[in-house]
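Please look over the sequence and the structure shown below before reading on.

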Amino acid sequence: MDSNRLSRIDDTTWRLEPSGAMRAPVVIYADEPLLRGMDDKVLEQASNVATLPGIVGAAYAMPDAHWGYGFPIGGVAAFDPTLGGVVSAGGVGFDISCGVRTMLTGLPASAVEPHKATLAERLFAAVPAGMGRQGDIAVEPAAMDAMLEGGAQWAVAQGWGEAEDLARIEEQGRMRGADPEQVSERARLRMRRELGTLGSGNHYLEVQVVAEILAPEIAAAYGLRRDEVVVTIHSGSRGLGHQVASEFLLEMAAHGMPEGTQLPDRELACAPIASPLGQRYLGAMRAAINCAFANRQILGHRARLVFGELFPAARLSLLFDVSHNTCKEETHTIEGEPRRLFVHRKGATRALGPGHPDLPEAFRQVGQPVLIGGSMGTGSWVLAGLATSEARALSSACHGAGRALSRHAALKRWSGRKIQDELAAEGILVKSPSTRGIAEEAPGAYKDVGAVVLATERAGLARRVARLRPMVCIKG
Amino acid sequence: MIEIKDQAGTVSERKAMKAGGEPMGTDDRDPGAGATRPTAAAASSGAGFALFPHDADLGVHGQGPTVEVAFAEAARAITAAVTDAPVAETDRVTLDCAAPDRDLLLVAWLNAVIAEMAVRGMLFGRFRVRIEGTQLSAELWGEPIDPLRHAPACEPKGATCAMAEVRREADGLWHARCIVDV
């Protein structure tokens, strides 16, 4: 991206003032190298978001922002329903409530290392991964409604997990306001055999070791100890969420806005929050969030069972579970006044700072864990929300490394088998149904996640707590 | 760079595009061409598909002498995004969808194909599309996914309106493109 098009506010803040149809500025958080590496499309898409009715503050882009569809990935935008604000199916994305959960094992890496190959095999067998691998849970219609209402709370009631997990999940594992009636039969059919499955693409289950601690006091509050093993899961609402998004995207594109409304990009398809269509979408999307909560709860439970078989003394406890593709109704202070806003985070993580009333008691003093996925080779990060993030980006932070190369380019450059062998030589076992999929997700296809989280910290969005290095990676 | 595959799956540069496909249905400027044409005739039709790069996702591009063929070829591109392996035509599925305009009909069609893949656990290798006004009906031939043989590289989530476009270009062919979230 050409930085000359932007005003530099400080080392990590760039701003484009409103012009033309824009109703708000664009604010990009990134250091100069990350900004230069961003596609110009990020600015174009964020500028388009800034034209939507009822936008409040700015159209924000996180340090991992990249070219998406409609909204940039790594985009944050809030809308006020009293000002004609909109909700956008494209602004949430297809993988509704895609997110990350990290579980602590309490096991030292030295105890896991000798059993790594067996652990990888058993996790790969226990967690269906990749297209065409159905789960062994058949969700009947009555159970589907209960799952869409209850989320992880429903899953725990069915025996998948433990009651204490719920306090460590965003929204306590159940998104209020879900309306299962708005979830179509086709969406339910797509989910019937997909609950408890990982999915494909950039979704993964990783066994990781805490390689570095940068904020000891916060790490202690989170239960993170150097050289101990954690399990991290990246997945979402599976086919149900994809179908909800597909259907509402088309409906919003065709009939979402009053006749004569001009949108700069059809993918920005949206509807007024206060409209019947907007309300129907919100009900369905919240049901899909519950689906994602239930799915990650079941995946976590399966990881627990595998660890329990191999390491009987281990007790996996949930650090946190947080989504990065949502639209949520939240209160934010804008120019000194609290306002109820609908905050879209598409490839951006909610990052509540210390003292926020929505935080579980365990995190009230230190801020919310912000779980950042990297790539198979470069590892992941645990950050902590900062109070400054509220004013800077409506309590939001990055969500991952962001792609540096398209899947197409990655496939041309790398062989999946070779990547697998090279990572194995580094002590990272990768299991996947597809070597082509491994090539498309090659570590080199991603930006430097270390640079992304450093920029996130310098921008006052979230603070680095711990770096995680992968030991085993189950890819879909 | 854009790669185009002909019906036999041969990769070629766009400029050297091979004809292929099984052109079907009608071009709305050519109401008399409703019947399925023989494969031999298709060899010179210009039908083909391509995947084009998009940061995190994939672009699909189908082209052919009619809108219907372009739609069918765009669906073949989705299959090609998932697997390099051949897809047998053991099962036949039918579907219908509708949208208020041609661009949205492409998105609706590809979403319907993706939903059939997911619900039935199938991959499809051949498509026959008919369009009348804003209504589309189609037949799909394919087989259940064999994870070992097909080794799916990705799971299409949905077709987006991003870059969704159906138009006849200077080459005289219909082109249908959009971004698919994977």
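## A covered helix in chain A

In H2(A), the buried residues are Val42(A), Leu43(A), Gln45(A), Ala46(A), Ser47(A), Asn48(A) and Val49(A). A residue is called buried if 20 or more other C-beta atoms lie within 10 Å of its own, exposed if 12 or fewer do, and partly exposed in between, with C-beta atoms placed from the backbone. Helix H2 of chain A spans residues 40–49 and is mostly covered, since seven of its 10 residues are buried. Helices (H or I, at least four residues) and strands (E, at least two) are DSSP runs, numbered from the N terminus. The cover over the buried residues of H2(A) includes strand S2 (13–16), strand S3 (26–29), S4 and strand S5 (71–79) of chain A.

This is a predicted model, in which local features need pLDDT of at least 70 and side-chain atom pairs count only at pLDDT 80 or more, while totals for chains, interfaces and linings use all residues. Residues are numbered from 1 along each chain as its sequence is written, and chains are lettered from A and ligands numbered from 1 in the order in which they are written.

## Two helices side by side in chain A

The axes of H9(A) and H10(A) come within 9 Å and cross at roughly 165°, where axes are lines fitted to C-alpha atoms, for helices over the stretch in contact, and angles run from 0 to 180 degrees between N-to-C directions. H9(A) is therefore roughly antiparallel to H10(A); angles under 35 degrees count as roughly parallel, over 145 as roughly antiparallel, 65 to 115 as roughly perpendicular and the rest as oblique. H9(A) passes H10(A) in a left-handed crossing, a name used if the near helix is turned anticlockwise from the far one by less than a right angle, whereas clockwise gives a right-handed one.

Among the residues of H9(A) that meet H10(A) are Leu240(A), Val244(A) and Phe248(A), and those on the side of H10(A) include Tyr281(A), Ala284(A) and Ala288(A). Two residues are in contact if their C-beta atoms, placed from the backbone, lie within 7 Å. The contact of H9(A) with H10(A) divides into 11 nonpolar, three polar and two charged residues. Here Ala, Val, Leu, Ile, Met, Phe, Trp, Tyr, Cys and Pro count as nonpolar, Asp, Glu, Lys and Arg as charged, and the others, Gly among them, as polar.

## Two buried residues of chain A

Ala287(A) lies in helix H10 of chain A, and it is buried because 29 other C-beta atoms are within 10 Å. Not counting residues up to four places away in sequence, Ala287(A) touches Leu148(A), Ala178(A), Asp179(A), Pro180(A), Gln182(A) and Val183(A).

Is Phe363(A), with 22 C-beta neighbours inside 10 Å, buried or exposed? Phe363(A) counts as buried because of those 22 neighbours, and its place is in the loop between strand S14 (349–350) and strand S15 (369–375) of chain A. Leaving aside neighbours within four places in sequence, Phe363(A) is in contact with Gln368(A) and Pro369(A).

Chain B has four helices and 10 strands, and buried residues make up 55% of its 182 residues. In chain B, helix H2 (residues 67–82) and helix H3 (residues 102–120) have axes that come within 10 Å and cross at roughly 45°, and H2(B) and H3(B) are therefore oblique to each other. H2(B) passes H3(B) in a right-handed crossing. The contact is made by Phe71(B), Ala74(B), Ala75(B) and Ile78(B) of H2(B) together with Leu106(B), Trp109(B), Leu110(B), Val113(B) and Ile114(B) of H3(B). By class, this contact has nine nonpolar, no polar and no charged residues.

The largest nonpolar core has 230 residues, and Leu106(B) and Leu110(B) are those with the most contacts inside it. Such a core is a set of buried Ala, Val, Leu, Ile, Met, Phe, Trp, Tyr and Cys residues joined through C-beta atoms within 7 Å. The largest share of this core, 16 residues, comes from helix H10 (residues 276–310) of chain A.

## Where the chains meet

The contact takes 43 residues from chain A and 36 residues from chain B. H9(A) gives the most to the side of chain A that touches chain B, with nine residues. By class, that side of chain A has 14 nonpolar, 18 polar and 11 charged residues.
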